[in-house]
Every structure is written in structure tokens, then in C-alpha cells.
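Subject: Structure for you to look through

Hello,

Here is the structure I promised to pass on to you, with the sequence beside it.

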Amino acid sequence: MAGDRTLLTFADRLVLYVLVGAALVLFVTGGGQGYGVTVRITGDGGFEYLAPLDSDTIVEVEGPLGTTVVGVVDGEARVLSSPCPHELCVKMGAVRTPGRAVVCVPNRVVVTVVGDGPTPTDAVTR
Amino acid sequence: MSTSRKRLALEVAALLVVVALIVTFATRRRSDSDRHVDYRFLMGTVVSVTVLTPDAELGRAAIDAAFDEIARIEALTSRYLQDSEISRLNARADGFTGERVSREVAEVVSRSLAIAEASSGAFDITVAPLVDLWTFPEGDYALPDESYIRAALRTVNWRAVQIDVVENTLTALPGTELDLAGVAKGYAVDRAVAVLRRAGIATGVVDAGGDVGFVGTPPDANGWRVGVKHPRADGLMGVVLVDGGSVATSGDYQNYFPMDGVRYHHILDPSTGYPARGVMSVTVAAELAVDADALATAVFVLGPDEGMALIERTAGAEALMVAGEGDSLGNVVLSSGLAARFEAQ
């Protein structure tokens, strides 16, 4: 009947709805790529360690005060121990989102999460 | 409207949704992969520079240029570098008149004296002799001898310094020693921000140990989201939203030692020679980081009432203060322009 005709067939509509669903899923999940894909650890004398954040490991970094121990466990990185006076880097806890970092200024160690994904803040003042 | 027309309208709407979502998604993904960040140890802290640009080569060059600028400012202003301009001036124990200085040192001193005057000396760049008494050593902590503090206070006087920003000349009375640590980091951030702008960076952040300067428009339409560290716990006290400019924090947790239940920290009251009391942290937002840096110290020293009054009468400045003493957290005080732009966590 002419009154029931539309420009799109049932199959067209099906494709359209699948596209809507797929777009929604991609939008919500960020395309299926995990956030914080890489941890970068740098130290004195050009030391650099790069590895996937979901790859559990312990990294020892030598600095002017001694050895800083960084743990990468369960998709997050943290300083486990440090020879610095106040151990502020240990107290900073874990980082897991891109752009966030744990820094030990006295022993010159920087632990950074690098990768795609939204960050909860653009900067932290401390 | 007939059933077929309604259905057609629905289908067109669905199509628009698909297009909108794909565009939104593609834009977000592109902006994420355009983020470039690097870190360096400068000015006694870690400095990070972040830029958003699809041109990785441009981003890398801009970041390096920003770091170079901060290193240059440090080389001029640090009194812990033997060859710096400030070290050269501080070596002149007999004072000096009309001594030519770099434009950069003249600008830092000029802003410092302006905030010293506005804060009635709560911020003071002549505190070097006091700072030297409080060395915050590792292990065997000791309070400075009272007589040493009294002696040091005799040379702490911001009015003993005069700057001519036309001729870039500095005058100081005998015995005056300058310490720009409370303001030079902010100035270096401002200079690095200017370098990024000149390099063509549309969006970026320079963070020198918590002194943060912003370039261009924020990724979030509501403003730059700046986390404020909790003064006594891991993580954040909250998030402030700023449109641009800069943010800096002074906190009693940054450098301190405990003794007999008292926290002796590095933010000294130039009128007493001892750490200022009654405040745990002050975060200031201002157009320039050099001002935010100095104001954060001044407000910390002045305390909740006088400090927030200073902020309210300073054009373009806003502040968040966490009052308290020891481990006893006090009120969170917000200036009038920041009250609606703070998200507690």
C-alpha cells in the first residue's frame, strides 16, 4: 500500500540500528583499546624502561641516593621503596591513567603512564 | 503525521545519531593520540610539558624549547648555582646601587616587590639568611638557635631592594641576600608558556612541581581541570576548573620535619623567622604563574582571614585554602570567584 511505504527497507533499517549500536559501544568503551597501555620509567644517566602496563614486573632504578624499586602490578605502577628522605614518591600511590606520573625528585626517578585515553584532570597542583 | 512519515523521521534521526557519534568518537581518538608529554628535572623539581598537536615533530621541538627556557631562567635566578646572576649579587655583602641585571631578573624582582607590598611583607625575597638556618636536613633534625633567627631577621626587609624596570638596574642595602625560590619557578612557567605559544602550540600545559601554566583552550569545554593535592592524604582534595592562566600551590607537606609533635615546614613567616601557622595549603589561580606562585606563599603566611582578603582585593586572582594545624584538618576556604568552580572529592 502506498501509505505504508518508506524510503528504507527492513534490511536498511536493520543495518542502521546495528550501526547505532556499534557506535554507542565504541563511544562508551573507547574503541576497545585499554587505557594506560604503557609504563615509562626513567632515571639518572639516561635510564629508560618501557613496557605494557598490564605486564607485571619489578624494576630497580639506580639514582644519586641509591635504588628506587618500582612495581608494575595489576595494571598500575607504583614506587615500592625509595632511598629518599620522606618517601613522598611511595606515598603518592599508584598511577594507572595516561598522563599521570609518580616522581621521586631526590633520586631523579619518573614513572609515567603513557597511552591513549581520557585523563581525569589536565594537571595536578601540589 | 502518518505512520510511514513517523517511521521515516525516526530513521533519519537515527542516521544523524550515527554520524554524530562517529564524528565525536573520531575527534576524541585523534586528540588523545595527539598528546605529547615529557619530563625533566629542573629548578629542584620535576617539570612536565604537555602539548596537543597532530604534528609530532612540532610538538617535540616545542617541548624541548620550553625546557631550554626553564633551564635558562634557572641559570639566572637560582642562588644555588654559583654562576647565576642572583649568586653574583648575593656575594656583594656591602650592597650595591644601580647594578645592571637581566630583563628576566628585573621582571621577577619587580613582581616580587609588588606582591611584597600588597601583602605587607608576608612575601619577601630577602629571606635568604632565614632560609639558610632552616636546612631541613635528613635525620638529625634541630631547630635553629633563637639568637641566629633574631640576627637573620635584621637583614630581612623587602624595602631594602629597589628595581628600575626601565634601565633593568637593581639596588640593595648592605647585608641583603635575595632568594627568588618562591617566585622564579612561576616565572619560568610563564616563560615556557610563551615559548609554546610562539612555537604554534594551540593547547598545552607546563607543570613545574605544581606551578602550572596553561596554553590555549582546554580539552574540556568547562575549563582546565586542575587537581589539588590533599595536604594530609594520598590523592586529591578536589578539582578546580580554570579558564586558563596559571595555578600554584604552597603546602606545609612539601618540605618539613616533625619534632615534639610539631611540623616544621619550609614556608617561613618573614616577621617571625619561623614556619607560618594555621594553614596547610593554599592554591592560587592567576593570569601569570609568577603572581600565583608568590601569592600562594603570601596567603599562606597571612592566614585565613588576611590571606583571603588579599586575594579578594587582587584583580584576577582566586584561591583555595585548607586551614588547619598539625594533623587536624580545618576549613576549606574558597575565594568568591572559585566557589562555584571547585569539585570536592
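In chain B, the axes of helix 4 (residues 103–118) and helix 8 (residues 289–312) come within 10 Å of each other and cross at roughly 5°; an axis here is a line fitted to C-alpha atoms, for helices over the stretch in contact, and angles run from 0 to 180 degrees between N-to-C directions. Helix 4 of chain B and helix 8 of chain B are therefore roughly parallel to each other, a label given to angles under 35 degrees, while angles over 145 count as roughly antiparallel, 65 to 115 as roughly perpendicular and the rest as oblique. Helices (H or I, at least four residues) and strands (E, at least two) are DSSP runs, numbered from the N terminus.

From helix 4 of chain B, the residues B:Val108, B:Arg111, B:Ser112, B:Ile115 and B:Ala118 meet residues of helix 8 of chain B, including B:Val290, B:Asp291 and B:Leu310, where two residues are in contact if their C-beta atoms, placed from the backbone, lie within 7 Å. By class, this contact of helix 4 with helix 8 of chain B has 8 nonpolar, 1 polar and 2 charged residues; Ala, Val, Leu, Ile, Met, Phe, Trp, Tyr, Cys and Pro count as nonpolar, Asp, Glu, Lys and Arg as charged, and the others, Gly among them, as polar.

Before going on, please note that this is a predicted model, in which local features need pLDDT of at least 70 and side-chain atom pairs count only at pLDDT 80 or more, whereas totals for chains, interfaces and linings use all residues. Residues are numbered from 1 along each chain as its sequence is written, and chains are lettered from A and ligands numbered from 1 in the order in which they are written. The model scores ipTM 0.81 and pTM 0.79. Chain B averages a pLDDT of 91, and 90% of its residues score at least 70, pLDDT being the predictor's confidence in each residue, from 0 to 100.

Chain B contains 8 helices and 16 strands. One of the residues involved is B:Asp164, whose bridge partner in strand 5 of chain B is B:Thr169.

Chain A has 2 helices and 8 strands, and from the N terminus on its elements run α-β-β-β-β-β-α-β-β-β. Strand 1 (residues 38–42) of chain A is mostly covered, with 4 of its 5 residues buried; a residue is buried if 20 or more other C-beta atoms lie within 10 Å of its own, exposed if 12 or fewer, and partly exposed in between, with C-beta atoms placed from the backbone. Strand 1 of chain A pairs in the antiparallel sense with strand 2 (residues 48–52) of chain A over 5 bridges, and A:Val39 has A:Ala51 as its bridge partner. Strand 1 of chain A also pairs in the antiparallel sense with strand 7 (residues 109–114) of chain A over 5 bridges, and here A:Ile41 stands opposite A:Val111.

Which residues of chain B does A:Val105 touch? Not counting residues up to four places away in sequence, A:Val105 touches B:Phe41, B:Thr45 and B:Val46. A:Val105 is found in the loop between strand 6 (101–104) and strand 7 of chain A, and is partly exposed, with 15 other C-beta atoms within 10 Å.

The two chains also share an open sheet of 4 strands, with the order 8(A)-8(B)-9(B)-16(B) and mixed pairing. Its edge strands are strand 8 (123–125) of chain A together with strand 16 (342–344) of chain B. Strand 8 of chain A runs parallel to strand 8 (residues 224–229) of chain B, and 3 bridges join them; A:Val124 stands opposite B:Gly227.

Best wishes

Notes. Two strands pair if DSSP finds at least two bridges between them.
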